[in-house]
Amino acid sequence: METTTAPNTPLRRKANLKTLGRDDLERFVRDLDQPAYRGRQIFKWIYGKGATSFDEMTDLPKDFRTRLEDCAHVGRLEPTQVRISDDGTSKALFTLPSGRKFETVLIPDIGRDGTPNRLTVCVSSQVGCAMGCTFCATGLMGFQENLSPGDIYDQAWYMDEHARERYGRGISNVVYMGMGEPLLNYDSVLSSLRLLTDADGLDLSPRRITVSTVGLARRIKKLADDDPGVNLAVSLHAPTDEKRSAIMPVNRNTATDLGALRESIAYYHAKTGRRVTYEYCLFHRRNDTAEDARRLADITTWAPSKVNLIMYNPVGDLPFERTPDKRLNAFVKELVHRDVTVTVRRSRGQDIDAACGQLAVTSS
């Protein structure tokens, strides 16, 4: 395991252009009596070339660059610490101007020939999380702060550079499965999706981006209406209201229980035509019986879907245990028997607390 540290430099108190998208930048420059295309030029410099100073923006008039220096800056988050797992997973710790911290993970999928098949960035959308899932380290932090579109973009940008240094190629996928509930920071998440997929930004395919939610039904419908073209994953983790409510407080509300979720999933598929992924973390003797598998199979009939089974990663003194392989295999067999498309996601980065459910700021 490798660890590197770097100082964190506070930003100046000026308008941070990294919080603005293409349309906002056009409005910003028009307010400075400049034509809209200047905003598009700035967009390319910030999001496509990683510029952090106006002096780098050489196609802007010098007097305009001077004026920008007086009223704005280009924020860019750099990690204050990067840890690398024995399995190659990287975890970066970022510090916001507020002093609050959050984490981002790069997960390499290495082929037999030693080259990466996929390089996936797991980005955070909030500092902490308000959902309070009883098995999740991030939930123990509580909600602290929403991240801006630029904050989310910078996570992917940094990990893209990190991937190029370590693997000789950039990132291929982004999953919104880090800290926070993405759909509770909806506007920033939607804006960040536009930045990530913009041809003048990282130019990622929407099909290689997944937004994960605990199942906020109304927000799922809104995501379907706005349809940024990305994939949807639902953190399910239990196949009945009784079992799900015991470990996920979000399910205790009729607006977000399994009945509401079913309606929203049907709506999402009808609007987008895309299948849904159910994330299901297995807990020993809690949600891993044959009956649980049969009920989960029933849920997959709500709309075309697949199931990702997640092996539980230990979090402090929480009273949860990983399902033994024998019960896992029986669970998978029951799903396959019922024609469910299922994969098992093994733990990555567990030695640096970078695995699923383990993200929580412990560094000072």
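Q: Hi! How many bridges join β4 to β5, and which way do the two strands run?
A: Five bridges join β4 (residues 79-84) to β5, and the two run antiparallel. Strands here are DSSP runs of E with at least two residues, helices are runs of H or I with at least four, and both are numbered from the N terminus. Two strands pair if DSSP finds at least two bridges between them.

Q: Thanks. Before we go on, what kind of model is this?
A: This is a predicted model, where local features need pLDDT of at least 70, side-chain atom pairs count only at pLDDT 80 or more, and totals for chains, interfaces and linings use all residues. Residues are numbered from 1 along each chain as its sequence is written, and side-chain values use heavy atoms, with hydrogens and water left out.

Q: Good to know. Which residue of β5 does P79 stand opposite?
A: P79 stands opposite F94. In the hairpin of β4 and β5, five residues lie between the strands, and G88 takes a positive phi near 95°.

Q: And what about β5 and β6, how many bridges there?
A: Six bridges join β5 to β6 (residues 101-110), and these strands run antiparallel. A92 has T104 as its bridge partner in β6. β5 and β6 form a hairpin with five residues between them, and G99 in the turn has a positive phi of about 95°.

Q: Is β5 mostly covered or uncovered?
A: Mostly covered: six of the six residues in β5 (residues 90-95) are buried. Buried means under 20% relative accessible area, exposed is over 50%, and partly exposed is in between, using a 1.4 Å probe and protein chains only.

Q: Which β5 residues point which way?
A: S90, A92 and F94 point one way, while K91, L93 and T95 point the other way, and all are buried.

Q: New topic: where is G180?
A: G180 sits in the loop between β10 (173-176) and α6 (186-197).

Q: Why does G180 count as buried?
A: Because its relative accessibility is 17%.

Q: What does G180 touch?
A: Leaving out residues up to four places away in sequence, G180 touches S125, Q126, G128, C129 and T138. Contact means heavy atoms within 4.5 Å.

Q: Last one: which residues make the contact between α10 and α11?
A: The axes of α10 (residues 290-299) and α11 (residues 325-337) come within 9 Å. The contact is made by A290, D292, A293, R294, L296 and A297 of α10 with F331, E334 and L335 of α11.

Methods:
Axes fitted to C-alpha atoms, helices over the stretch in contact; angles between N-to-C directions.
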